[in-house]
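Hi,

Here is the model I promised to pass on. Have a look at it first, and my notes follow below.

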Amino acid sequence: MKTLMVTDPEMCTECEACINACKKEYGVARARKTSTIPVFCMQCHPDKAPCSRICPTGAIENIDGTLKVNEDNCILCKLCLIACPIGIIAIDYDKGSAEKCTLCLESDKLIPACVEACKDNVLNIFSIEDLQELKDDENITQELEEAIKTFKTKS
Ligand code: SF4
Ligand code: SF4
């Protein structure tokens with residue numbers, strides 16, 4: 001079951017607990033704080049992710065639908081850093097490898113460390129199926145359409 005992280009930027013208090021939890025877990029933070037909110041890997045489709053497609057050694061591997069850097073195969077050319085549209089690939093200079101969020105695929109955590117650390121409920125994990133159900137919910141679709149209309153009339 002593929003999972004995605006959904007963030008609610010309005011709830012973020014900029015405490016950076018998520019970034020610190022990631023750094024504690026992996027040595028380097030695989031998420032990054034912008035001038036305001038933290039940003040996370042979008043978990044692009046494994047066949048289409050620019051980071052994986054550009055890697056000359058095939059080091060960014062598809063493990064059950066989640067892309068993970070195989071540190072043994074990374075030559076630290078940094079092409080994936082350039083290719084990622086949101087610049088979220090990190091580097092672990094100690095390991096000599098690129099680092100990428102896997103939603104804690106390699107740990108035995110039930111939920112990712114960042115989600116666990118956020119006490120403001122900014123970060124949430126959804127399955128693709130859950131998100132599809134929300135998308136199919138007519139009430140939510142109508143609310144979204146109304147919100148977009150309001151936004152357009154104000155801008
Ligand atoms: S830095 Fe490593 S993972 Fe990134 S493109 Fe180069 S070899 Fe691949
Ligand atoms: S690192 Fe960037 S390109 Fe790769 S899956 Fe995440 S968001 Fe997509």
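Among contacts in the protein chain between residues at least 6 apart in sequence, what percentage join residues at least 24 apart? The figure is 60%, with two residues in contact if their C-beta atoms, placed from the backbone, lie within 7 Å.

Some housekeeping: this is a predicted model, where local features need pLDDT of at least 70 and side-chain atom pairs count only at pLDDT 80 or more, while totals for chains, interfaces and linings use all residues. Residues are numbered from 1 along each chain as its sequence is written, and chains are lettered from A and ligands numbered from 1 in the order in which they are written.

The protein chain has six helices and eight strands (DSSP runs numbered from the N terminus: H or I of at least four residues for helices, E of at least two for strands). Its C-alpha trace spans about 50 × 35 × 35 Å along the principal axes.

Start with α1, residues 17–26, where Cys-18, Ala-21 and Cys-22 are buried. They sit on the same side of the helix because they cover an arc of only 100 degrees around the axis (taken from the directions from the helix axis to the C-beta atoms). Their cover includes β3 (38–39), α4 (113–117) and β8 (123–127). Just after α1, Gly-27 has a positive phi of about 90 degrees.

The largest nonpolar core has 30 residues, and Cys-51 and Cys-114 touch the most other members. (A core is a set of buried Ala, Val, Leu, Ile, Met, Phe, Trp, Tyr and Cys residues joined through C-beta atoms within 7 Å.) The elements giving it two or more residues are α1, β5 (66–69) and α4.

Finally, β4 (residues 60–63) runs antiparallel to β5, joined by four bridges; strands pair if DSSP finds at least two. Ile-63 stands opposite Thr-66. The two strands form a hairpin with two residues between them, and Asp-64 in the turn has a positive phi of about 50 degrees.

Cheers

Definitions and conventions:
A residue is buried if 20 or more other C-beta atoms lie within 10 Å of its own, exposed if 12 or fewer, and partly exposed in between; C-beta atoms are placed from the backbone.
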